[in-house]
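Please look over the sequence and the three-dimensional structure shown here before reading the report.

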Amino acid sequence: MKFDNMLEEVDGFGPFQITLIALLCAPRIVLPCNFLLSNFIAAVPPHRCDVSALDHGGLLGNLTREQRLVVSIPVRADGEPESCEMFAEPQLQLLTNSSNSSGPPTVQCHSGWVYDTTSFSSTLATEWDLVCGRKSLTKTISTIFFAGVMMGAIAFGFLCDKYGRRKTLLASYIMAIVFGFSSAFANSYVLFAVLRFLTGFSLTGISINSIVLSVEWVDISHRSAIAVIGSMAWSIGNMLLAGVAFLVTDWRTLIMVVTAPLGFAVLTWWWIPESARWLLANGKVERAQFYLNKCAKFNKRHNQANSFKLETLSNAEILERQDKNYTYLHLVKTPKMRRLALLTGIVWYGIALTYYGISLNISGFGLNLYLTHFIYAAIEVPTKLMIYYFLNTIGRRKCQAGTLLLTGVCIAVNIFIPKGLWLVRAVVAVVGKGLSEASFTTIFLYTTELYPTVVRQNGLGYTNFMSRMGVAVAPLILLLEDVWTLLPQVIISSVAITSGLVALLLPETLNVKLPETIEDIENPRKPDVSSVSRSSGVFLESKNKTET
């Protein structure tokens, strides 16, 4: 008996599964609030050199604030004062003729900066003067955070498969709370960077476990629904981030506000079950029996409660060897697993780089920062509803490849649209952002279906590592606009299209039972129509439609 058959007997999508999804929503809402937090805490507000302390032997003592600015700071073409330069000497003649302030020699600001506090009362840039020659440090903090996420993907992938989904989920909650709140009290850039690295490391466990726990407890026909519902929590959190950031303009307070919901997640952890599929795959038959019986009772399948005998569970065909420990090496030990690891790694890297390359570059809309972020987040909702329909009609592989290719096309099209047509550019950018989110929604579900149970967490850990490599590189790619304005768009578009073509090489998993062992990947069994019809009527229906 396979686990999918057992799950069907206790109802693969009942109140038990719905409750589990609800309990995992709070921590998933926190994820985008941290992953895209640098859009606000690392924002660089308008600024100019601080000339309040300049006196020059009393020459400036009787001047008003506006007059000091005129004689001390050159003016840009748009009429605003220069952000990083000031006159080497006061230009008093400009008080009578200010039409040309670009001729006199200038120097870099040497007395600090004055910041516009209209939108932000405090950011990393204003806290530690990360402007002008140090402006790249605001992007670097995103790279450091995602480097932590990248390392966490490897660590938690191993820990989840060795110690279980539930225990490592609690560890992720506690670590994220400790390091998240600690970073809000950092008194130096270096300390803040270290704590953000550790926060990113911790949040990865939540990201990996929440989706896998959901998928491993539902039947075949509802897997795509679980993936889309879970990702909706991300979109809700993303939209909430824009509103919360608008209300909380101090970066320290904002970090604490977006971390606080994890306290509620810790309380709800006590009701989250361990994956019975993982328990069986690791020989913990009695615990698997306990949770399966609990699921049956919760779903009102009273005739199945206490009906799972230990002997039946022990003989479940989900192990190659009962006591075998699986590691990341098992992802590359056999030919088809090596191919799967290579292809999924490339696709995850491309998806993440594309999504965050778009999400972290929210200027150029002609709108304020908060509204732009909200629009980018809101477009994710209809695209996820759309992808839910297509996942169950045209399949996972076509959805994955199609969304990536269309994202790349949208970015490429915007390169050739004149900047004067800002509304058209904005619409194309929003569509591209929605498609990139659709590709992210698809890949989470797709990957859990591609990897066998015994190494599924290791597989997700590895692919998360590859994706975070892409995310860590994305902020650095955006810095290349100083070399050539269009270079970041060219790179991101090329990566999206390449990843889409690679996705076409992956196998289809629509209405296919989850592989349990590596042997299922290397030597896939021919479909058993009778068994599949018992576990999923949807399969036969879609199969007949395809043949006709």
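Predicted model: local features only at pLDDT ≥ 70, side-chain atom pairs only at ≥ 80, totals over all residues.

Residues are numbered from 1 along each chain as its sequence is written, and side-chain values use heavy atoms, with hydrogens and water left out.

C49 is joined to C109 by a disulfide, with S to S 1.6 Å, a disulfide being a pair of cysteine sulfur atoms within 2.5 Å. The link of C49 and C109 is left-handed, with -65 degrees about the S-S bond. Distant parts of the chain are linked by this pair, 60 residues apart, since C49 lies in strand β1 (residues 47-49) and C109 in the loop between β3 (106-108) and β4 (113-115); strands (E, at least two residues) and helices (H or I, at least four) are DSSP runs, numbered from the N terminus. C109, at 13% relative accessibility, also counts as buried.

The whole structure holds 2 disulfides, and in the second pair described here the sulfur atoms of C84 and C132 are 2.0 Å apart. The torsion about the S-S bond of C84 and C132 is about -95 degrees, so this disulfide is left-handed. With bonded cysteines counted along the chain, the pattern is 1-3, 2-4.

C132 counts as buried at 15% relative accessibility, as does C399 at 3%, whereas C25 is partly exposed, with a relative accessible area of 24%.

## Nonpolar cores

The largest nonpolar core has 119 residues, of which F35, L124, Y173, F192, W217, Y356 and F440 touch the most other members; such a core is a set of buried Ala, Val, Leu, Ile, Met, Phe, Trp, Tyr and Cys residues joined through side-chain atoms within 4.5 Å. Its largest share, 12 residues, comes from helix α16 (residues 335-359). Apart from this core lies another, of 7 residues, including C49, V51, L54 and C109.

## Helices α17 and α18

Helix α17 (residues 369-378) packs with helix α18 (residues 380-391) at an angle of about 10 degrees, their axes 5 Å apart. The two helices α17 and α18 are therefore roughly parallel to each other, a term for angles under 35 degrees.

Key:
Buried < 20%, exposed > 50% of the residue type's maximum accessible area, 1.4 Å probe, protein only. Axes fitted to C-alpha atoms, helices over the stretch in contact; angles between N-to-C directions. Parallel < 35°, antiparallel > 145°, perpendicular 65-115°, else oblique.
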